Amino acid sequence: MAVLPITEKKKKKSWLRSKITFLVLTLAVILGVVGYNYRTDIEMRIVHLKPQPVQKVELGKLGLQLQRFNTPEITSYDVDKILSFVIRDDKFYLALRSQDGDSTAVQAYERKEGSLFPFRNFGKKGTYTIPEKMVLSVNIAGNGDVVYVKKGLHTLRDGNDIISLKGNTTATRVAFLPGYEQAYLYGNDNFTLADYRDGAFEKNHPSFLHNRAKPFAGGLTQVRITGKGVIFGGGRIKPNGLNMVEAFTPQGKALQSYGSPIQTDKDSIYNLIDMAVLDHYLVVIDGFTLKFWTREGQYLGNLNSSKMLGDNLNCAKLAPIDGNTLGILAFVRNAQTRLVEIKIFALTFPR
């Protein structure tokens, strides 16, 4: 058996020590990551559960599928403090104003196997706090920037607060066009089009639904824009009157109306809370009821939200998850804590 020279023995021992050190450090890093994730999961009260069962929902001859997401505990102090519900690239964003109105928490979640988990790459452990009083609304730009309205438009980017149009608009909401290079600013009888560049809104000017233009003589309250640029506006036909939804081309030409102006008709809209546009359907929350149309204007019927969702839940916000699936934010007030408990569902339409 050959005897290694002393120098060779030293080299071999040094190699073994470095190899063992590397393996120990690697194991320590892995255990550290696992421990951090476990601790974070405990802090966020994440419960790893099996996906909730898919329920069948009948809407006339249309068969839909409903599933509730498993989520950490999400609560608000009141329904009107749920400012926004936005879904971008399968990330779910909720904006919840604090009880005293001094701040707004923007919470981000990512979807995995029927559950929503805090999106840790957003803010601090999935939550970004806006330390401003009485924020009016929150939206998310295409690159993940947080855009909020408070005496002008604010964009939160890389820790900076970019302020634009301060003193030049009284709009309360933002609706981005495809590509996120332009946006409609609306609310308080505004409907103006502005360029969006490097986090700032500029070149803001009135557009075709500005200042209670027809058919919204009673005020425009909802604006949704599809991926192809079709604009859906919702609001009152006359002051204190019924609501309607109208679709327009990007140039402002009327395409289709939804909602009858006659109170006794089944498809009239009394109290337009929110609405969402999918590839082939329009869905609105009318009080405690969901109402459905095809994009071609055919009324499909309605569903009582608490009967459909169960547990006395009512719908508060809608947002498309994709072109065929609707995200529903629902709420119920806990009789003991007096807090509003929030649940999130997916309602899938047949293709």
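**Close-up views of a predicted model**

Residues 24 or more positions apart account for 42% of the contacts (heavy atoms within 4.5 Å) in the protein with a separation of 6 or more. The model is predicted: local features need pLDDT of at least 70, side-chain atom pairs count only at pLDDT 80 or more, and totals for chains, interfaces and linings use all residues. Residues are numbered from 1 along each chain as its sequence is written, and side-chain values use heavy atoms, with hydrogens and water left out.

**View 1. The protein as a whole has two helices and 27 strands.** Helices (H or I, at least four residues) and strands (E, at least two) are DSSP runs, numbered from the N terminus. Of the 351 residues, 46% count as buried, that is, under 20% relative accessible area with a 1.4 Å probe, protein chains only.

**View 2. Val138 lies in strand β9 (residues 137-140).** Val138 is buried, its relative accessible area being 7%. Leaving aside residues up to four places away in sequence, Val138 touches Ser84, Val86, Ala95, Thr104, Val106, Ile130, Val146, Val147 and Tyr148. A distance of 9.5 Å separates the C-alpha atoms of Val138 and Thr172, which are 34 residues apart along the chain.

**View 3. Four strands form an open sheet with antiparallel pairing, in the order β17-β18-β19-β20.** Strands β17 (219-225) and β20 (254-258) stand at the edges with a single partner strand each, so one side of each is left without a neighbour in the sheet. Two strands pair if DSSP finds at least two bridges between them.

**View 4. Strands β18 (residues 231-236) and β19 (residues 243-248) pair in the antiparallel sense over six bridges.** Gly233 has Glu246 in β19 as its bridge partner.

How values were computed. Buried means under 20% relative accessible area, exposed over 50%, partly exposed in between (1.4 Å probe, protein chains only).
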